[in-house]
Amino acid sequence: MGKTRCGEQQDPATKAFTEGLQIISRHPMFTPLVTHAGIKRYEGKSFCPDQGWVTVECNGTVHVHPKRRGLPEEWVYVLAHALLHLGFGHFQKRERQELWNAACDCFVAKFLYDMKLGKPPAGMEGRVELPAESEEELYRLFLENGIPPSLYNLGTAGQGLQDMLWHTNTAEAHYWSKREQKINWPDVLGKGLAMAVTSAVNVTAGYEPYLGANRERLTPAQKARNWFISSYPLMGAMAAHFTIIEDPLLCQRLSISVAAVDAEAREIYLNPAAGLDEQECRFVLAHEFLHVGLRHHARTDGRDPYLWNVACDYVINQWLMEMQLGAFPKVGGLLDPELAGLSAESVYDRIVNDLRLYRKLATFRGIGTGDILGGRTPDWWSRQDGVALDEFYRGCLAQGLEYHYGENRGLIPAGLIEEIRALSQPPIRWDVELAKWFDEHFPPVEKVRTYARISRRQASTPDIPRPCWVPNPDDAFGRTFGVLLDTSGSMDTKLLGMALGAIASYSISRDVPLVRVVFCDAAAHDQGYLAVEAIADRVTVKGRGGTVLQPGIDLLEQAEDFPKEAPLLIITDGYCERLTVRREHAYLLPKSRHLPFVPKGKVFRME
């Protein structure tokens, strides 16, 4: 019995299938086909007949019988059979589809017999002699004379059934139908044949991994990297400090279909089975360089990491298309002209409204996974012996931009220039941004002269009355705002104190006498108007239950003693419901948290 990574026992059927899949995946001729195809082995939802082994769809989905028991060598044979249907371009509409399927099965069986790959299951073994030299000729013979008994059961569906399927009614049919239009399966097989020819002679048996990345011959990815270093200053420094790893087995273990980047390790993983040429490698490498240089790994700020990766991909790919840098890969990659000109944050706010669609999109790493590996914070990267990696990457792009302009190496989109220059500046602290928000809503109070209160200088001129300068009472009227404080159990008390202290200090400096405070947990607790001095040190927090903020917002919006123009400041940790606020407002969040909806007001993040 085998074991899974979690230590659980693996049944013999699954163990044998896994070993066979690993063998066929290591074979250089089939590695590209396995990488691009979708091999599905699910209990209860297989489209393989009960007596069959595997079936294959025109979109590249290989359906494996979930309970079939066989030797690993037999799984190698049937998986190779299904993949070769794709590589040989057998999915063609014919008048007698079952006869065309049988003709294709005969040619695949003869190819595998001559190749000595795997072991045919019972009923498919033996030498295959064909009375024709092509599938077309054999198909015409079958139309005239029928299928001979010796050639009847060479498919992998069993009992003469068709093992080549057109679109089945699966949940993924929409996505795979689009993918079918992008993948040229004969070209993918051609890449595998080229890899097999350049490998060692004994790789024909399928038991030796491909070592082409370690040879002296420069791969397209290495040529693209050298081009960045010598001819493209904007990303030359990034290219010089990154290692390109081209290992199909490692990429398979990491579920990398095309490429991914590890900023902390300074490594870019590029799967040679993707079959990218030099121009496509330039595009993919530039894509990964910008991920790191623009600090996308450190700017998640509580957002969903995968959806944030998708949003960044849309923005980067649009920039690279405008720059005409390399060629957009035929496999993988996200591009939508409707999102042109938007920032990554704006794109993220759009895609979170349609999670069912965007959860199934494929980055350069694969479906449902981001191509930014790791996800550690810049503090983790800080080192005692030099500059933190985060600062190093930002410096690379900033310096590259200056060299790029100095040498007139081409145009760069304005959005990319703005992001690079913005990252070159020190970030504005959250309390400074909050102070600006107070300045917008509470300008300085105009002072007026009044004789109701004598000036302090009156003693120097007792015969001449001198008025005193006091704040205009008309301006002070209605000078307040509402504070909705999330007091649920998930809210950190240290963050509560920090937020309330900042609010109190800014309110005092802006001549705000009173603040309307509402505590929100499982219910709203109205504290009424509190002096700003009391907020900082004499407030007793009630509740600490669940989080419901909308009743507190409704309470203030409907309160007759609360000014209609007064803004709201909502302090929460992000674990709340979707909110509807009909007046000016802002949110105060911890730095690592994100709201579960698209906010309309400003968002300040406490560190």
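Start with the whole chain: among contacts (heavy atoms within 4.5 Å) between residues at least 6 apart in sequence, 66% join residues at least 24 apart. What you have loaded is a predicted model, where local features need pLDDT of at least 70, side-chain atom pairs count only at pLDDT 80 or more, and totals for chains, interfaces and linings use all residues. Residues are numbered from 1 along each chain as its sequence is written, and side-chain values use heavy atoms, with hydrogens and water left out.

Switch to cartoon. The protein has 22 helices and 18 strands; these are DSSP runs numbered from the N terminus, helices being H or I of at least four residues and strands E of at least two.

Six strands make an open, mixed sheet, ordered 15-14-13-16-17-18; a pair needs at least two DSSP bridges. At the edges, pairing on one side only, sit strand 15 (524–531) and strand 18 (602–606). Strand to strand, the twist averages 20°, with axes fitted to C-alpha atoms (for helices, over the stretch in contact) and angles between N-to-C directions running from 0 to 180 degrees.

Next, zoom in on strand 14 (residues 514–520), which runs antiparallel to strand 15 and is joined to it by seven bridges. Click V517 and look across: G528 in strand 15 stands opposite.
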